[in-house]
Amino acid sequence: MAIQAPKGTKDVVPAESYKWQYIESVARKVCDEFGFNEVRTPVIEHTELFLRGVGDTTDIVQKEMYTFDDKGGRSITLKPEGTAGTGRMFIENSLFNDPQPTKMYYLYCPVFRYDKPQAGRLREHHQFGVEVYGAPRASIDAECIQLAMTVLSRVGVKGLSVNINSIGCPDCRPKYNESLREYLRGNFDGLCETCKSRFEKNPLRILDCKEEKCKAICAGAPTILDCICDDCSAHFEELKACLDCIGVEYKVDPFIVRGLDYYTKTVFEIIAESEGYTGTVCGGGRYDGLLEQLGGPKLPGIGFGMGMERLLLIAELSGARIPEPRQVEVYIAAMGEEARRTGFTLAYRLREQGVKTEYDHVGRSFKAQFKYANKIKARFVAILGEDELERGEVKLKDMETGDEGYVPIPSLTGRIKQILK
């Protein structure tokens, strides 16, 4: 039996890669317009980074991380999300000494979570995300939401809606945690075992549980918006005012908490509704204490992440028009050793001028080369045989019209460029 890809992973084959490249190009362009610069961090990190940053009561740390000891006995984890690694990079490279804020994005970032594979969410998937450090005002929260909405809209995703919430700060969250514990105490026996373990240490995580029985219990829980302090309340009001200014419609959902411990104040989700799919396509929020947790300076942070596989799936379900790649413009069909060398040189010259050119590397007959040129939908076939070489010309056939003519070999590149214009 042939070796297969591990469960929960997927190949991107040549016929599909242009779709990824298109979405990546849209994301890069939007990030550039918003003043964000790309960062790239390692696929592996020390496990402690995620224990300190993501939180040991989260599903990711408790159930989903790929962790192993390397040959030096160090505990290493395959990156389960992008934010903690970006925070580590920010501290390690002393980016806090630069003028703030620092606005960054990552693209085609592989992340690994051991979970049941589902449509658009595999054990190895890829994230596009943004991270901003050093901006305390809620206007940057709104800007991140606007950036995400812009990318999704330009890609062609339809039926978008924004849900926002505030989960408070270390000053006001303890009051809510106690209120939540008081409510849950009477339903404790009905909680799943994971949520029971979270009850004392981090009851807020219970609101994020995917178990149906826990969801039902939490449906009547008190909301954190009733407990946030004046500073968090003012921040939330500024966020809403900024979104109103730019016409982004939103709904306040007091039960959004997100799945990671580093979040404070703003949390948000962007939902996509299209035929065949309804669900979260982007999630993020503020993490003002993350850098300190990782041993860095006290600087506020905000960001989001969206899965590329899920984004591509939803874009296609939305009927997004993803431009197909440029077809081969010239196929050089040569027969005979001298003609093949001349044809190979012509292919090089054409490519130098930006003409998408293919050349026979298989040794097919003329008939087979024409058949192949048809299959790859080449616009022109440049024919080189002994007769053409003796005349110093190339026979050029337009595969769309069937027109044929002879072009001097030195003039082929110029003629092709002229026609393609």
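Two strands pair if DSSP finds at least two bridges between them. Strands are DSSP runs of E with at least two residues, helices are runs of H or I with at least four, and both are numbered from the N terminus. This is a predicted model, where local features need pLDDT of at least 70, side-chain atom pairs count only at pLDDT 80 or more, and totals for chains, interfaces and linings use all residues. Residues are numbered from 1 along each chain as its sequence is written, and side-chain values use heavy atoms, with hydrogens and water left out.

**Stop 1: strand β7**

Select residues 160-166. This is β7, and 5 of its 7 residues are buried. Buried means under 20% relative accessible area, exposed means over 50%, and partly exposed lies in between (1.4 Å probe, protein chains only). Now pick Asn-163. Which residue stands opposite Asn-163 in β8? Lys-251 does. β7 and β8 (residues 250-252) run parallel, joined by 3 bridges. Next, show β9 (residues 264-274). β9 pairs with β7 in the antiparallel sense, over 7 bridges. Here Asn-163 stands opposite Glu-269.

**Stop 2: an open sheet**

Move to the sheet of 5 strands. Their order is β13-β12-β14-β15-β16, the pairing is mixed, and the sheet is open. Select 357-359 and 404-408. These are β13 and β16, the edge strands; each has a single partner strand, so one side of each is left without a neighbour in the sheet. Neighbouring strands are turned by 25° against each other on average, direction ignored. Angles run from 0 to 180 degrees between N-to-C directions, using axes fitted to C-alpha atoms, for helices over the stretch in contact.

Look at β12 (residues 330-334). β12 runs parallel to β13, with 3 bridges between them. Tyr-331 stands opposite Glu-358 in β13. α13 lies across β12, β14 (380-384) and β15 (393-398), at about 170° to β12.

**Stop 3: helices with cover**

Select 308-317. This is α11, with 7 of its 10 residues buried. Among them are Met-308, Leu-311 and Ile-314. Gly-319 follows α11, and its phi is positive, near 80°.

Jump to Asn-177 in helix α6 (residues 173-185). Is Asn-177 buried or exposed? Asn-177 counts as buried, at 12% relative accessibility. Asn-177 touches Pro-203 and Leu-204, leaving aside residues up to four places away in sequence. Contact means heavy atoms within 4.5 Å.

**Stop 4: salt bridges**

The structure holds 29 salt bridges. In each, a side-chain nitrogen of Lys or Arg is within 4 Å of a carboxyl oxygen of Asp or Glu.

Select Glu-143 and Lys-103. Their closest N and O atoms are 2.9 Å apart. This pair links distant parts of the chain: Glu-143 sits in α5 (residues 138-155) and Lys-103 in β5 (residues 102-112), 40 residues apart.

Now try Glu-212 and Lys-215, which meet at 3.6 Å, N to O. Both lie in helix α8 (residues 212-218), 3 residues apart, about one turn of the helix. An α-helix has 3.6 residues a turn, so residues three or four places apart point the same way. Glu-212 is exposed, at 58% relative accessible area. Lys-215 is partly exposed, at 41%.

Finish this stop with Glu-16, Lys-19 and Glu-316. Salt bridges link them in a network.
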